[in-house]
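Hi,

Here is the structure I promised to pass on. Have a look first, and my notes follow below.

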Amino acid sequence: MIPFAKAHACGNDFLIVTEEAAQDRNRAELARRLCARNSGIGADGIEYFAWTGPSSGRIHLHNADGSIAEISGNGTRCVAAWMTLERGLHPGDELRIDTDAGLRVCRVNALKTDGEFTVEVTTGMGVPTFEQRTIKLPEKYAEWGLRLRGQGRLDPSKSDAEFLIRGLFVSMGNPHIILCVDNATLQKCGHSWSELGAEICFHRDFPHQTNVEFVQVNGPREIEIRIFERGVGPTSSSGTGSSASATAAIALGLVQSPVKVVAPGGAQIVEWDGPGTELRLSGPASLIARGEAWPHS
């Protein structure tokens, strides 16, 4: 049997399995099986964990489809909540978690233990980098461009079959494409965010795929986002996605730090002082269950 814990951060859920429990099993296959929503436990990924000290550890993340991800902000926070319980930590304590994107330091801000175990955590997410990126979309999107061109809203000299979309590429240790939208349904190019998110996630420009976020500005310190996560698909929340979205909105001068980032699963707070400085992400993580799983279906 394989012991596991399950936790979620704003609905973005993860299994935590120690490296000792996983032993020499195929971790990608184990992630695909245990993360399956109907035939497994159900999760967006597995964080494989090993202790490296009294309040420090190392994690390796496999997405629900078995692929490896450098880091998940929410997954890291879920691990921090589990470590807090395991070590009996208190507000003000810090945890050091090594990820495939580097060391992340998590500070415990608050605990809720009455009928639940929820930890409010601030995580140092590293120094984000960003650049403008242009993506050539398939011909079906050019049809949308043609309609706008007929309305005088696009350059008539550009080819209909080579419609381009511009976004901001942000690295949080993992890749993100950020697209700004200006409508309540968060559509872009006349298509739903989930459809376009899938198109860009698997675009040939990204041989290892990319996360895609759609950003709507709600106010000078608030944005709303939708997330298409590589290896998972549409998700209710993303820590690195919230961080990347806020980075883009601040860099473009659309909002000011701190930024409240609202996703379907809940809100997180991003603090960032600009290029060359570390970004801080704050939000909750809750433990859901402990259990054991059979190693084979």
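C106 is buried, at 0% relative accessible area (buried means under 20%, exposed over 50% and partly exposed in between, with a 1.4 Å probe and protein chains only). Before the rest, some ground rules: this is a predicted model, where local features need pLDDT of at least 70, side-chain atom pairs count only at pLDDT 80 or more, and totals for chains, interfaces and linings use all residues. Residues are numbered from 1 along each chain as its sequence is written, and side-chain values use heavy atoms, with hydrogens and water left out.

Back to C106: its sulfur sits 11 Å from the closest cysteine sulfur, in C78, which is too far for a bond. C10 is buried as well, at 7%, and its closest cysteine sulfur, again in C78, is 9.2 Å away, also too far. The disulfide count is zero, taking a disulfide as two cysteine sulfur atoms within 2.5 Å.

Twelve of its 13 residues are buried, so α6 is largely enclosed by the rest of the structure. At its start, a side-chain oxygen of S238 comes within 2.8 Å of the backbone nitrogen of G241. After α6 comes G253, with a positive phi near 75°.

Cheers

How values were computed. Helix = DSSP H or I, 4+ residues; strand = E, 2+ residues; numbered from the N terminus. Polar contact = N/O pair within 3.5 Å; in protein donor to acceptor, adjacent residues only side chain to side chain.
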